[in-house]
Amino acid sequence: QVQLVESGGGLVQPGGSLRLSCTASGAIFRMYTMGWYRQAPGKQREEVATITSGGSTNYADSVKGRFTISRDNAKNTVYLQMNSLKPADTAHYYCKADFRRSWWGQGTQVTVSS
């Protein structure tokens with residue numbers, strides 16, 4: 001069983017930045033593929049960014065050049081640095097871990113508004 005705890009969400013003005021963190025339980029975090037997903041009201045959950053155990057990253061077109069996913073295996077933590085935030089980025093952000101099966105966190109709310 002893997003438990004994921006997200007933090008770092010909040011209210012930010014357009015153009016601002018936030019850094020989300022997701023800390024996972026488990027002794028083999030380094031082997032997980034980690035990802036950030038988001039879901040806005042009335043919309044389907046969508047993939048934002050992923051990072052493999054080897055450090056390869058992938059981003060949704062809508063966030064390329066603005067968001068950066070990274071991981072610190074010593075801290076069992078994955079990060080999502082979000083810059084140049086837009087109102088369209090407003091959503092509940094979820095962390096996901098994949099290793100033979102998937103685990104999800106409870107999520108953290110990001111609201112971009114003036």
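Residues are classed here as buried when the relative accessible area is under 20%, as exposed when it is over 50%, and as partly exposed in between, with a 1.4 Å probe and protein chains only. The structure is a predicted model, in which local features need pLDDT of at least 70 and side-chain atom pairs count only at pLDDT 80 or more, while totals for chains, interfaces and linings use all residues. Residues are numbered from 1 along each chain as its sequence is written, and side-chain values use heavy atoms, with hydrogens and water left out.

Aromatic contacts were assigned from ring geometry. Rings of Phe, Tyr and Trp (its six-membered ring) form a pair if their centres lie within 6.5 Å; planes under 30 degrees apart are taken as stacked, over 60 as edge-to-face and the rest as tilted. Five aromatic pairs are found by this rule. One of them joins F29 and Y32, which is edge-to-face because the planes stand at 75 degrees, with ring centres 5.9 Å apart. F29 has a relative accessibility of 1% and therefore counts as buried; Y32, at 3%, is likewise buried. F29 and Y32 belong to one aromatic cluster together with F99 and W103.

The rings of Y94 and W104 have centres 6.4 Å apart and planes at 85 degrees, so this pair is also edge-to-face. Y94 lies in strand 9 (residues 91-98) and W104 in strand 10 (residues 102-104), so the contact ties together parts that are 10 residues apart in sequence. Strands are DSSP runs (E, at least two residues), numbered from the N terminus. Y94 counts as buried at 14% relative accessibility, whereas W104, with a relative accessible area of 35%, is partly exposed.

Both of these rings also carry a charge contact with R45. A charge is taken to sit over a ring if NZ of Lys or CZ of Arg is within 6 Å of the ring centre and within 35 degrees of the ring normal. The charged end of R45 is placed over the ring of Y94, 3.8 Å from its centre. R45 also lies over the face of W104, at 4.6 Å from the ring centre.

A search of the whole structure for disulfides (cysteine sulfur atoms within 2.5 Å) returns one. The bond joins C22 to C95, with an S to S distance of 2.1 Å. The torsion about the S-S bond is about -80 degrees, so the disulfide is left-handed. Distant parts of the chain are linked in this way, C22 being in strand 3 (residues 18-24) and C95 in strand 9, 73 residues apart. C22 and C95 are both buried.

Note on methods:
Helix = DSSP H or I, 4+ residues; strand = E, 2+ residues; numbered from the N terminus.
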